[in-house]
Each structure stands twice: as structure tokens, then as C-alpha cells.
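This briefing covers helix packing, nonpolar cores and disulfides. Please keep the sequence and the model in view while reading.

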Amino acid sequence: IFFFKIMKSLLLTCSLAFLKRADGNIIWTNPEPGYNACGKVTKVFGVTVCVTPNAYSQNRVKCDHVVNVFYQLLDNDADGTPDDTAVLAEMVNNKYLLFVPNTRAESEPPDDSWPDEVERYQMNGIFETEPNSCDVPANRGASSTDRTTWPGARDSNNKGCGNEGDATTEEVLHLITEAAANLYPGLWKLNWSSEAGVALQAANGNCGWGYTGDWKDPSSNQCSGQYAYNDATCNESCLVAEGIYWASVSYIGGLYTKRSTTKISIEWLMATPDSIMPLEPSDINNARSLQVGSPALYALVSETKAPGHAWLPEIMPDGKYEGFDGPSPTNSPNNSPTNPPNNSPTNQPNNPPTNQPNN
């Protein structure tokens with residue numbers, strides 16, 4: 001039965017996948033009845049993207065950018081086919097939805113925003129969307145597929161890209177992660193018992209969490225961890241989802257600039273992807289490369305072909321999906337560091353948390 005559901009979903013998405021005109025613009029349509037919050041909608045391999053009237057009328061370019069990033073995360077090799085058809089089927093069959101408001105004031109949708117059959121939605125605000133972000137290695141003068149070029153592009157100033165960051169990859173990846181967590185709970189379930197959850201809790205060291213009231217700044221000398229979020233509303237499932245995003249995007253180079261690594265240092269200190277790369281931030285004792293700081297997380301997110309991992313990206317999205325006409329990227333990513341990791345940093349973090357979160 002599950003197989004036939006997947007095939008039904010894929011047949012549906014074949015007719016909906018390429019909603020793009022020859023001039024490069026995404027095709028938007030009027031919403032079906034019941035989608036009251038949506039000024040326009042489009043489908044990404046069958047998954048609904050709902051933009052508010054103001055978002056569409058005032059920021060059409062950013063709306064198109066969000067959709068292109070969504071395509072790139074579902075089809076990261078840009079061959080025109082989703083990388084994990086089971087994850088896509090989970091999203092299509094259960095009516096996942098990406099909600100794109102124009103402003104923060106629009107970001108809390110009313111109760112009647114869409115039909116009850118929409119089981120999950122994720123918000124990606126236009127106000128946090130920045131095309132041509134320095135998050136993308138290619139935008140800051142490196143190659144998005146050649147990891148050896150990333151260390152030379154850590155300084156993102158005066159590179160012609162936006163230094164404020166683009167939240168689109170994060171928000172879309174959160175929605176996809178929910179589907180992966182449902183399908184592959186042993187790997188990705190949003191709790192401390194999955195493989196991802198165990199690795200993320202270990203990465204906390206003794207820094208604590210906001211929701212347990214014992215958070216300490218990991219960039220200080222008060223604790224010995226690399227991941228700690230000071231948000232009282234972000235519980236166990238939220239922390240695992242956030243951590244999966246941090247780990248995956250760190251691996252693909254989306255955080256590896258001097259500016260970004262410093263900005264996020266009060267929450268995440270493993271933004272340097274590989275052990276052979278210069279460490280950023282360079283002046284914080286707890287900072288580690290992802291490969292050294294959490295070999296378990298590195299192994300989870302660097303494997304993008306095996307069952308349960310194919311939904312993970314290898315290339316940082318730039319909002320310019322090339323799979324509408326079928327071509328794959330010219331250069332496949334170089335996923336293997338030149339040298340094996342040194343898993344014994346000078347200041348090794350204390351992985352067992354002093355204060356265990358209350359599950």
C-alpha cells in the first residue's frame with residue numbers, strides 16, 4: 001500500500017514539478033477554496049507553497065527565490081527528480097505546506113488559514129529571505145562543490161553578497177526534516193533517543209538549554225559544549241530539529257564565514273566543516289570543526305546517498321534551481337576531506353551533560 005501511495009504521489013508531482021516559465025519565473029496560481037491565507041500558491045514537486053497577498057504583490061522576486069531553494073533541497077543534484085521519493089510522498093500525502101508571509105505581523109496565520117487536511121506547515125517569512133546571501137560559498141567567491149575553496153572565502157566582506165544571512169534554507173529544511181523524522185525515526189526522530197538526538201545532546205556538553213533553565217553560553221568559558229540554545233520555548237523536538245539544520249548546513253559550507261561563525265557562537269560552535277580547515281571562530285576555546293567536535297553528527301549528515309540519508313543536501317542552495325530542464329551540476333561535491341580527522345582536540349569537550357534534560 002505504501003508503495004502505491006508513493007507512486008500515486010510521484011505521478012501527481014510529475015505534472016506539478018516544473019511550474020516555471022521560459023523566462024525563469026515561477027508560475028503562481030490562485031489558491032483553491034479554503035486556503036484563505038494564501039494570495040497565490042505554487043507546488044514544489046506537489047508540496048504547496050502559500051504566499052500571502054502582500055508577499056506576492058510586494059516581493060515577487062523573493063517569493064520565487066523561496067520556491068527555487070525548496071526545489072534545490074528536494075532535488076539537490078538538480079536532475080529533475082526528488083532525491084528521496086519516500087520523503088516527498090510523506091510531504092505530499094500529508095499535505096505539508098510552506099507558508100510565506102510578507103512581514104512579522106503576518107507570520108501567525110489565523111485558524112482558518114487553510115483546510116484541516118494540512119497536517120504540517122512551516123513559516124518562511126519574506127522578512128528573513130535574502131537572495132544572493134554570503135551563506136552560499138559560490139556567492140562569496142568559492143565553489144559550492146569544491147570544499148578546498150571554502151577556507152579562502154571565509155571573509156565575506158566586500159564580496160558582493162549579502163552578509164545578513166538568508167533563513168530560507170533553514171526554514172525549508174525544517175519542513176523536510178519533519179518528514180524524514182517520521183519516516184526514519186531511528187536516525188532522525190525529533191527526540192534525544194534518535195541517532196541525531198543522541199549526538200546533539202552529547203554536543204551540548206554541560207552547557208544546558210533554555211527550556212531546562214540551565215543554559216550557559218558555549219562561547220564563554222563557563223561550560224564545555226558546542227551546541228546550546230537559550231530559548232525557553234524550544235523544547236526537545238525543537239532542539240533536535242535545530243541541531244540537524246546546524247549540522248547539515250555546516251557540512252555544506254553554509255555557515256563557514258568569519259561573520260556567521262561569530263554571530264552564531266552563542267548557540268553553535270561547529271560551523272567549520274572539516275578538520276583540515278582553519279577553525280572559525282578562531283578565538284573561542286569551545287569551537288571545533290564539525291568533523292572533530294561531533295564525528296557522529298558529521299557521519300550522519302555527510303552521508304547523502306544511503307537509505308534514510310538521501311534527503312540531505314550536498315550543495316548549499318543558491319535559489320537558482322537548474323533541474324527544470326534536467327541538467328545536473330557540472331562538478332559533483334568533494335565530500336571526502338583530504339586528511340583524516342584529528343578527533344582529539346586540545347580542549348576536548350565534556351560530552352555527558354551535567355544537567356540532563358527532562359524528556
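Ala86, Val87, Glu90 and Met91 of helix α4 are in contact with Leu175, Ile176, Ala179, Ala180, Asn182 and Leu183 of helix α5, where contact means heavy atoms within 4.5 Å. The model is a predicted one, in which local features need pLDDT of at least 70 and side-chain atom pairs count only at pLDDT 80 or more, while totals for chains, interfaces and linings use all residues. Residue numbers start from 1 along each chain as its sequence is written, and side-chain values use heavy atoms, with hydrogens and water left out.

**Packing of α4 and α5**

- Helix α4 spans residues 85-93 and helix α5 residues 168-183; the two pack at an angle of about 105°, with their axes 9 Å apart.
- That angle makes α4 roughly perpendicular to α5, a label for angles of 65 to 115 degrees (under 35 counts as roughly parallel, over 145 as roughly antiparallel and the rest as oblique).
- By class, the residues in the contact of α4 with α5 are 8 nonpolar, 1 polar and 1 charged; Ala, Val, Leu, Ile, Met, Phe, Trp, Tyr, Cys and Pro count as nonpolar, Asp, Glu, Lys and Arg as charged, and the others, Gly among them, as polar.
- Axes are lines fitted to C-alpha atoms, for helices over the stretch in contact, and angles run from 0 to 180 degrees between N-to-C directions.
- Helices (H or I, at least four residues) and strands (E, at least two) are DSSP runs numbered from the N terminus.

**Nonpolar cores**

- The largest nonpolar core has 69 residues, and those with the most contacts inside it are Phe70, Met91, Trp188, Trp268 and Trp311.
- Apart from that core lies another of 9 residues, among them Ala37, Cys50, Phe99 and Trp114.
- A nonpolar core is a set of buried Ala, Val, Leu, Ile, Met, Phe, Trp, Tyr and Cys residues joined through side-chain atoms within 4.5 Å; buried means under 20% relative accessible area, exposed over 50% and partly exposed in between (1.4 Å probe, protein chains only).
- Leaving aside residues up to four places away in sequence, Trp311 touches Leu73, Asp84, Val87, Leu173, Ile176, Thr177, Ala180, Tyr184, Trp188 and Ile244.

**Disulfides**

- There are 4 disulfides, a disulfide being a pair of cysteine sulfur atoms within 2.5 Å.
- With bonded cysteines counted along the chain, the pattern is 1-2, 3-4, 5-6, 7-8.
- Cys38 and Cys50 are linked with their sulfur atoms 2.1 Å apart, and the link is left-handed, with -105° about the S-S bond.
- Cys38 lies in the loop between α1 (2-16) and β1 (40-44) and Cys50 in strand β2 (residues 47-51), so this pair ties together parts that are 12 residues apart in sequence.
- Cys38 is buried at 7% relative accessibility, and Cys50 is buried at 0%.
- Cys134 is joined to Cys161 (S to S 2.0 Å) by a right-handed link, with 100° about the S-S bond.
- Both Cys134 and Cys161 lie in the loop between β4 (121-123) and α5, so the pair ties together parts that are 27 residues apart in sequence.
- Cys134 counts as buried at 3% relative accessibility, as does Cys161 at 14%.
- Cys207 is joined to Cys223 (S to S 2.1 Å), and this link is right-handed, with 90° about the S-S bond.
- Both Cys207 and Cys223 lie in the loop between α7 (195-203) and α8 (236-251), so the pair ties together parts that are 16 residues apart in sequence.
- Cys207 is buried at 0% relative accessibility, and Cys223 is buried at 8%.
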